[in-house]
Amino acid sequence: TRILRIVRDLEIINLRELRFDADLRSDLKIDSLNLVALLTSIEHEFTTVFEDNVFEGIASLDEVVTILMRDPKII
């Protein structure tokens, strides 16, 4: 998927350990700088912008997918 390509390109998560329900910070050990890079890359790829309050609260890739699915411009 497009999200997997972004994750692979950023080289911040070992794809062998990736679970979409894993907590990005505690399970996958993504620091705040890399989290911003990941979410910004996803915004760019899907031509969308996450609301600031949503952006700060995203804990997993499952949540990212859910937010993207709600965006009528993407679907």
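**Contacts, core and charges**

Q: Which residues does Leu-61 touch, not counting residues up to four places away in sequence?
A: First, a heads-up: this is a predicted model, where local features need pLDDT of at least 70, side-chain atom pairs count only at pLDDT 80 or more, and totals for chains, interfaces and linings use all residues. Residues are numbered from 1 along each chain as its sequence is written, and side-chain values use heavy atoms, with hydrogens and water left out. Contact here means heavy atoms within 4.5 Å. By that rule, the partners of Leu-61 are Ile-3, Val-7, Leu-18, Phe-20, Ala-22, Leu-24, Leu-38 and Ile-42.

Q: Which residues touch the most other members of the largest nonpolar core?
A: A nonpolar core is a set of buried Ala, Val, Leu, Ile, Met, Phe, Trp, Tyr and Cys residues joined through side-chain atoms within 4.5 Å. Buried means under 20% relative accessible area, exposed means over 50%, and partly exposed is in between (1.4 Å probe, protein chains only). The largest such core has 20 residues, and the ones touching the most other members are Ile-3, Leu-24, Leu-38, Ile-42, Phe-50, Leu-61 and Val-64.

Q: Which helix gives the most to this core?
A: Helices (H or I, at least four residues) and strands (E, at least two) are DSSP runs, numbered from the N terminus. The elements giving two or more residues to the core are helix 1 (2–10), helix 2 (32–46) and helix 4 (61–70). With five residues, the top giver is helix 2.

Q: Is Ser-60 buried or exposed?
A: You'll find Ser-60 in the loop between helix 3 (52–57) and helix 4. Leaving aside neighbours within four places in sequence, Ser-60 is in contact with Phe-20, Asp-21, Ala-22 and Leu-24. Its relative accessible area is 6%, so Ser-60 counts as buried.

Q: What distance separates the C-alpha atoms of Phe-20 and Ser-60?
A: Phe-20 sits in the loop between helix 1 and helix 2, and its 26% relative accessibility makes it partly exposed. Not counting residues up to four places away in sequence, Phe-20 touches several residues, including Ile-3, Leu-4 and Ser-60. Phe-20 and Ser-60 are 40 residues apart along the chain, yet the separation of their C-alpha atoms is 6.3 Å.

Q: Which residue forms a salt bridge with Arg-5?
A: A salt bridge is a side-chain nitrogen of Lys or Arg within 4 Å of a carboxyl oxygen of Asp or Glu, and the structure holds four of them. In the one made by Arg-5, the closest N and O atoms are 2.8 Å apart. Arg-5 is in helix 1 and its partner in helix 2, so the pair ties together parts that are 40 residues apart in sequence. That partner is Glu-45.

Q: Which residues do salt bridges that share partners join into one network?
A: Arg-19 and Asp-21 meet in a salt bridge at 3.1 Å, N to O. Arg-19 is partly exposed at 43% relative accessibility, and Asp-21 is partly exposed at 48%. The network, built from bridges that share partners, is made of Arg-2, Arg-5 and Glu-45.

Q: Which ring does the charged end of Arg-2 sit over?
A: A charge sits over a ring if NZ of Lys or CZ of Arg is within 6 Å of the ring centre and within 35 degrees of the ring normal. For Arg-2, the charged end lies 4.1 Å from the ring's centre. The ring belongs to Phe-46.
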